[in-house]
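Reader: I have a model to go through. Could you take me through some of its features?

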Amino acid sequence: MPFPIHRPRRLRSNDTLRRMVRETRLSVDDLIYPMFICPGEGVREPIGAMPGVNQLSVDQGVEECREVAGLGIPAVILFGIPESKDAAGTGAYADDGIVQQAIRAIKQNVPDLMVITDVCLCEYTDHGHCGVIKDDDVQNDPTLQLLVKTSLSHVHAGADMVAPSDMMDGRIGAIRTALDEENLTHIPIMAYSAKYASAYYGPFREAAGSTPQFGDRRSYQMDPPNTNEALREVEMDLEEGADIVMVKPALAYLDIIQRVKSTFEVPLAAYNVSGEYAMIKAAGQMGWIDEDRVMMESLVAIKRAGADLILTYFAKDAAKLI
Ligand code: PBG
Ligand code: ZN
């Protein structure tokens, strides 16, 4: 008997065969593009640690959305940089808040693009925390009311989906109940369910101007070494009415993505965060790695681990290569 009989290399011998037996495929349908909306007109302000990503005024945001939709990307997620901040983050739920303005303009000009909004207070509070503060601590239950107000205000402005990222306990139930009471039963919630207290958010905090002015987010975001706790968070969010759950960050948490997907078998998103983007961009610019290939390999890895949707600053670049 000739040896070896089994030769896995047979199916790797040319691109056509490789295409035929490929197990995971990245599609533009999987991508969600995060955007930062700032005050002013004609503003395209580059973000230092995120090459290719800009803070955009509403008019420029609309232009960017046209491009995103033209590439076939189904959805954007909006973050706001308000004119001014205060202790209660009132800019988050103001009728004419920066995100509310952007939602109206985008839905008017690019109606088929799905507009998701990040629901949190940290971009709008002067202390930079994701909730209201008392005695140097983020108050859970009083924050829920503000998250509800923010969600309703986004949906009233035309948002198609809300994505609470604050990690307060009970927020999904509070938001679902409030939406339903206003007959907004058709609006899905994408919950940042397993969101870790990660150093990979560094560039984002520069982009959104949301660095905490004291302390850190470890009393509400998850401790990186924990896995079982992520499953519990996801379970509770599903019970409270989450339609899509999220794991964040993505690349350093592929095991969590895999475990959430195999345990719950529900629509799962993963957030390929700012620091993950920055590292690949920086090494690419140094000529140390092939940026496009590392990008595609990373995104397909997130998908292979079990994510159905990927929030990524690479969305436009990836869409062009798919
Ligand atoms: C707001 C929020 C953050 C991110 C998404 N929503 C920052 C944070 O929690 O500090 C991070 C996104 C990224 O790093 O790309 N709570
Ligand atoms: Zn926040």
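Author: The answers below concern a predicted model, and they turn to strands and then to a metal site.

Reader: Let us begin with β3. Which residues point which way from that strand?

Author: Strand β3 covers residues 54-57; N54 and L56 point one way, and Q55 and S57 the other way. All of these residues are buried.

Reader: In what sense does β1 pair with β3?

Author: Strand β1, residues 31-38, pairs with β3 in the parallel sense over 3 bridges. In that pairing, C38 stands opposite S57.

Reader: And β2, parallel or antiparallel to β3?

Author: Antiparallel, with 3 bridges between β3 and β2, the latter being residues 44-46. Here L56 of β3 has R44 opposite.

Reader: Moving on to A75: buried or exposed?

Author: A75, which is found in strand β4 (residues 75-80), has a relative accessible area of 5%; this is under 20%, so A75 counts as buried.

Reader: Which residues does A75 touch beyond its sequence neighbours?

Author: Leaving aside residues up to four places away in sequence, A75 touches L31, I32, Y33, L113, M114 and I116. L31 is 44 residues from A75 in sequence, yet their C-alpha atoms are 7.2 Å apart.

Reader: Now the zinc ion, ligand 2. What are its protein donors?

Author: They are the SG atoms of C120, C122 and C130, at 2.2 to 2.3 Å from the zinc ion. Along the chain, the donors follow the spacing C-x1-C-x7-C. Both C122 and C130 are buried.

Reader: What is the geometry of that site?

Author: The site of the zinc ion (ligand 2) is tetrahedral, with 4 donor atoms and angles of 99 to 120° among them. For comparison, the ideal angle for four tetrahedral donors is 109.5 degrees.

Definitions and conventions: Residues are numbered from 1 along each chain as its sequence is written. Chains are lettered from A and ligands numbered from 1 in the order in which they are written. This is a predicted model: local features need pLDDT of at least 70, side-chain atom pairs count only at pLDDT 80 or more; totals for chains, interfaces and linings use all residues. Side-chain values use heavy atoms; hydrogens and water are left out. Buried means under 20% relative accessible area, exposed over 50%, partly exposed in between (1.4 Å probe, protein chains only). Helices (H or I, at least four residues) and strands (E, at least two) are DSSP runs, numbered from the N terminus. Two strands pair if DSSP finds at least two bridges between them. Contact means heavy atoms within 4.5 Å. Donors are N, O and S atoms within 2.8 Å of the metal (3.2 Å for Na, K and Ca); water is not among the atoms, so sites may look incomplete. Four donors count as tetrahedral if all angles lie between 85 and 135 degrees; four count as square planar and six as octahedral if opposite donors are over 155 degrees apart and all others between 65 and 115; anything else is irregular.
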